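Good morning, colleagues. Please look at the model on the screen while I take you through a few of its local features.

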Amino acid sequence: MRAQFVLSEIGVGLRRNLTMTFAVIVSVALSLALFGGSLLMSDQVNTMKGYWYDKVNVTVYLCNKSDAKSDPACAKGAVTEDQKKQILADLDELSVVDTVTYESQDEAYKHYKDQFGDSPLASSLTPDQMPESYRIKLKDPEKYQVIATAFEGRDGVQSVADQRATLDSLFELLNGMNWAARAVMALMLVVALMLIVNTVRVSAFSRRRETGIMRLVGASGFYIQAPFIMEAAVAGLIGGTVACAFLIAARYFLIDHGLALSEKLALIDFIGWDALLTKLPLILATSLLMPALAAFFALRKYLKV
């Protein structure tokens, strides 16, 4: 097969169906940009989970005098020194515990004032109203239930709180957004495939005389199909390239420069360029193979060769 013939036929097909080719490029670019974005979002969520779950604590709050009057869990009174020593000793014996930090009422009050000093409630609080606590860093954040089972309901313990529960709601939201992006991506891929099939069929119909002559002179099926398949593949590859450029630009202007989210949101551990660059070959390969396969199966039935 002469490469010059195939390339000339590709150019003819792209020019004859310029509007539909443009629609294919746009739909492929959008769908693959969403595809790449969803992959990167999954990586980002996993990175954030690893980063934050490693930092969260389980907190054992101890009863104070004010809690003894208002909280049923502290009905037996404020925590005693012996109870605090026993709780600390039991924590040290647990294999899931990495470190234990004691926070006094004065320290708890100071931390509260630092975080919520502008709230109306802060002005009415006193240090003796704040609970003492043990802040526990676990070797495995998934083992929170071990602490909860061992200390909830114990004399002197008001409650056991897992900071991971607060993060879980955030990650559930992020995962929900990611699945929504994947649903839109799937819809866009279906639209792109339909456009590719229609574009190839229109191109084949407009050149039916040439293909008929080629069949009569004994040209093979692949020889006849190749220009149409390559035409779809080229359009898809252009769309994939646009999608890659969009993802690179988004990473550059949103994270590193422009909005510079990496500086403004220092608490978020953003994924690096390596995570993005490893996704680009997959996007380009998909943009090339998906249209080519769609065109191949569409042409098998349409041209009957």
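Which residue lies over the face of Trp 179? Arg 182 does, at 4.6 Å from the ring centre; a charge sits over a ring if NZ of Lys or CZ of Arg is within 6 Å of the ring centre and within 35 degrees of the ring normal.

A word on the source. This is a predicted model, in which local features need pLDDT of at least 70 and side-chain atom pairs count only at pLDDT 80 or more, while totals for chains, interfaces and linings use all residues. Residues are numbered from 1 along each chain as its sequence is written, and side-chain values use heavy atoms, with hydrogens and water left out.

Let me turn to the aromatic pairs. There are three of them, where rings of Phe, Tyr and Trp (its six-membered ring) pair if their centres lie within 6.5 Å, and planes under 30 degrees apart count as stacked, over 60 as edge-to-face and the rest as tilted. Tyr 102 and Tyr 134 form a tilted pair, because their ring centres are 5.6 Å apart and their planes stand at 55°. This pair links distant parts of the chain, with Tyr 102 in strand E2 (residues 97–103) and Tyr 134 in strand E3, 32 residues apart. Tyr 134 is buried at 5% relative accessible area, whereas Tyr 102 is partly exposed at 34%; buried means under 20%, exposed over 50% and partly exposed in between, with a 1.4 Å probe and protein chains only. Another pair, Tyr 252 and Phe 253, is edge-to-face, at 5.0 Å centre to centre and 85° between the planes.

Next, the strands, which are DSSP runs (E) of at least two residues, as helices are runs (H or I) of at least four, numbered from the N terminus. In strand E1 (residues 58–62), four of the five residues are buried. Two strands pair if DSSP finds at least two bridges between them. E1 pairs antiparallel with strand E3 (residues 133–138) over four bridges, and Val 58 stands opposite Ile 136 there. Five bridges join E1 to strand E4 (residues 157–162), again antiparallel, with Val 157 as the bridge partner of Leu 62.

Finally, which helix supplies the largest share of the lining of the largest pocket? H2 does, with nine residues. A pocket is an open set of points on a 1 Å grid over the protein atoms alone, where a 1.4 Å probe fits, with protein on both sides within 12 Å along at least five of seven lines; lining residues have an atom within 4 Å of a point. The lining comprises 24 residues, with Gly 37, Leu 40, Met 41, Leu 254 and Ile 255 nearest the centre.
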